[in-house]
Amino acid sequence: MKATVVSNREVSPGLFRLALSVDEKLLAGRPGQFVMVRGPWGADPLLSRPFSVYRYRPISENDGTIQLLIRRAGSGTELLSRVSPGDELSIQGPLGSGFPEVVPSGRLFLAGGGIGIAPLMAVAESLTGDLLKKTRLIFGGRGINDVSGIDDDINDIGLETVYVTEDGSRGETGTVVDILSVDLTPDDMVFACGPQGMLKAVAELSRKTGCDAFVSHEERMACGIGLCLGCAASTTLGAYALTCKDGPVFAAREIDWGNLP
Amino acid sequence: MTRQVPDTAVELFGVRFKNRVMGASGTVGYGLELLDYLDISRLGAVVTKGVSARPKLGNPPPRIVETRCGVLNSIGLENIGADRFLGEVLPELSKHDTNIIVNIFGETMDDYQRVASMFRGVTGVCALEVNLSCPNVKKGSIAFGRDPKTAARLIKKIKKATDRPIIAKLTPNITDIVPLAQSVQRAEADGVSLINTLIGIAIDVENRRPLFQNITAGLSGPAIKPVALRMVWEAASALSIPVIGIGGISSASDALEFIMAGASAVQVGTANFIDPKTMCYIIDGMETYMEDHDIDTLDSIQGIIPRKIS
């Protein structure tokens, strides 16, 4: 289906917030689900690009709009970073599993590393009442550039947020996992998205503390809809799961982290 | 005068296909995965993911690397096995009015024979496509498919085990396609399909490592179309059995090129990853071409490209 670009803003160097006017089906997507996006750029790059939905209810945009948060990294994101309002993109979605709709007896931690913050913001904006009050966002990266540009959205949602950077240039000094490990209890729950190393550490922490953790897993993907079997994720059951259909959100204990590089 | 509606149907090895466009093995799942995206009864056929007698795990990730105008894959023939396919998939898939071609493979010749025999007498399967060409597994497949004599021996063995027409899916990773194609024809293959992927490599220069654990992988997509077209042209010129053209087809014009090069039908592969409806657009586009050029049947342009320049 088609999506029209409503706005495209570089909110921090190399980080773009893309608002798209989409259909009802996509607007009804759940936090943690993703879309496959491509522009009218022919056969190079050939494949659509997967992005978790960043916001289903963006501030200062019209109804019927979703937002994606895009870090310019390769040829596809480079082209997407240059689209303008009115441009048409192809979009498929919502795809895959979302984060579970469960209420922990303890606190909910949303742990985002860099661009991994995207699906967690979709979770955050969906929270209300007590759950919103007992949820904390941990937003980490190597330096300030990794954790900048979306303060307006974080303020809009009104979540208690901890910033953490490895070089100390914003918030605490350290990693997302350092912050998370301070006082995690078995009643708490973690939703995480970020680099593999971070997710592996979250899985380990969840095993040690006995709290449930769900991670949004990333894998190279061709189709996003279960046709190619390309996005295999190693699981603890010995078989592969498809990141696109079985995931991208998995219980941390389902993933065989030992098989990941 | 009212124009006649063009006849898009074609009969190949005794099977009627409503049109000449099929979904290629490995790019349409088991067929059911397409249902959310298109009406599969529009397709000439669905060719399933390769099925083996026993389930197969496939290769560790990464399995996909994008290249310019193409994709390298190393899936490793992951599949649910023939028993689950027959029990869970086929009953659902058969509800749709399209031809089902099951792609089969094994590690040994006996494995191929075993999986072929599992489809004996099964209704709803119109033909078997024998994978002689997957480059991403250590045993079987391409190991049998590069040598004309070995390929012929395997085809003969499978013919004994099945009551269905068999299509030999050939590899392009050989010097000359003609002796291989002729050899499987002599072994009484009912048709050939080509090409499977071209073997390639991708290297991560930062880490100085190959991106795939198997080092090599199979290249598909628009990048391979001219090579596929040339090989289809060579094979079709040398064979009397139908040739099904595969390789980078993403538009009706691409498909028509293959027909003109001698293909009786085409399979659409990597284009499905971008949009599985591409197959429907190709079917529509071919029909429009027939109308615009007043062609009743594509037989009149099939193989119109001469074998040699006169």
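**Chain B, then chain A**

Reply: Let's start in chain B, where β11(B) and strand β14 (residues 216-220) of chain B run antiparallel and are joined by four bridges. Strands here are DSSP runs of E with at least two residues, helices are runs of H or I with at least four, and both are numbered from the N terminus. Two strands pair if DSSP finds at least two bridges between them. This is a predicted model: local features need pLDDT of at least 70, side-chain atom pairs count only at pLDDT 80 or more, and totals for chains, interfaces and linings use all residues. Residues are numbered from 1 along each chain as its sequence is written, while chains are lettered from A and ligands numbered from 1 in the order in which they are written.

Me: Which residue stands opposite G200(B) in β14(B)?

Reply: That's A217(B).

Me: And what sheet are those strands in?

Reply: An open sheet of four strands with antiparallel pairing, in the order β5-β6-β14-β11 (chain B). β5 (64-67) and β11 (198-201) of chain B each have a single partner strand, so one side of each has no neighbour in the sheet. From one strand to the next, the twist averages 40°; axes are lines fitted to C-alpha atoms, for helices over the stretch in contact, and angles run from 0 to 180 degrees between N-to-C directions.

Me: How many strands are in the closed barrel of chain B?

Reply: Eight, with parallel pairing, running β3-β4-β7-β8-β9-β10-β15-β16 (chain B). Neighbouring strands of this sheet are turned by 25° against each other on average, ignoring direction. Helix α4 (residues 148-161) of chain B packs on that sheet and touches β8 (127-131) and β9 (166-169) of chain B, with its direction at about 155° to that of β9(B). Contact means that the C-beta atoms of two residues, placed from the backbone, lie within 7 Å.

Me: OK, switching to chain A. How many helices and strands are there?

Reply: Seven helices and 15 strands. Its radius of gyration is 17 Å, close to the 18 Å that the globule rule gives for 261 residues, so chain A is as compact as a globular protein of that length. That radius is taken over C-alpha atoms, and the rule is 2.2 Å times the number of residues to the power 0.38.

Me: What share of chain A is buried?

Reply: Buried residues make up 51% of the 261. Buried means 20 or more other C-beta atoms within 10 Å of a residue's own, exposed means 12 or fewer, and partly exposed is in between, with C-beta atoms placed from the backbone.

Me: Which strands does β11(A) pair with?

Reply: It pairs with strand β7 (residues 108-113) of chain A in the parallel sense over five bridges, and V190(A) is the bridge partner of F109(A). Strand β12 (residues 212-216) of chain A also pairs with β11(A) in the parallel sense over five bridges, and there M189(A) stands opposite D212(A).
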